[in-house]
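Trainee: I have some questions about the terms used for this protein. Can we take them one at a time?
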Amino acid sequence: MPSAIGPHVAPAGQAYVHALPTVEEISAGGVIVDTGDPNLPVAIIARLNRGGRLEWCLPKGHPEGKESNEKAAVREISEETGIDGQILAPLGSIDYWFTVTGHRVHKTVHHYLLQAVGGELTIENDPDQEAVDVAWVPISELSRRLSFPNERRIADLAREVLPEHLLK
């Protein structure tokens, strides 16, 4: 029986599999809070996605060399927001998949809760120039401002655990 869509159909019983190579990536970043302000603002950054849409997200980036995830989180947050921080607690990790030209990426991002200890809000020190804007957002509004559901869950967790670190 001839095919209704032409000769370019895999014969029955044979699966056509086009597997792209997979690359594993690790990043670290987090929720940096100005605990000296009663609104407990958090520094977040905006990036343009490949489609040109503005996405607000938590600052993060790749560890360099043998740098630990904790050190990478502190450095990346400082580079992308201008704010220096001290880690208060781990917030867990998220992972997701995306495809770029020629391969799939499985990315794991380790998040931390940090207390702001200095610096000024700026994107001028971002060596990759990925951030196009930066803002302080009260922690109570953080989940509504972030673009990605997995980062909103991290923000909710940060809001839950922050009070126990403010008492210390």
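Mentor: Of the 168 residues of the protein, 39% count as buried. This is a predicted model, where local features need pLDDT of at least 70, side-chain atom pairs count only at pLDDT 80 or more, and totals for chains, interfaces and linings use all residues. Residues are numbered from 1 along each chain as its sequence is written, and side-chain values use heavy atoms, with hydrogens and water left out.

Trainee: Why is Trp 56 called buried?
Mentor: Buried means under 20% relative accessible area, exposed over 50%, partly exposed in between (1.4 Å probe, protein chains only). Trp 56 has 13% relative accessibility, so it counts as buried.

Trainee: Where does Trp 56 sit, and which residues is it in contact with, leaving aside neighbours within four places in sequence?
Mentor: Trp 56 lies in strand β3, residues 54-57. Strands (E, at least two residues) and helices (H or I, at least four) are DSSP runs, numbered from the N terminus. Contact means heavy atoms within 4.5 Å. With those neighbours set aside, the partners of Trp 56 include Ile 44, Asp 133, Leu 146 and Glu 151.

Trainee: What makes a set of residues a nonpolar core?
Mentor: Its members are buried Ala, Val, Leu, Ile, Met, Phe, Trp, Tyr and Cys residues, joined through side-chain atoms within 4.5 Å. The largest such core here has 22 residues; Val 33 and Leu 113 are among those with the most contacts inside it. Helix α3 gives the largest share, 5 residues. A second, separate core has 10 residues, including Ala 28 and Ile 77.
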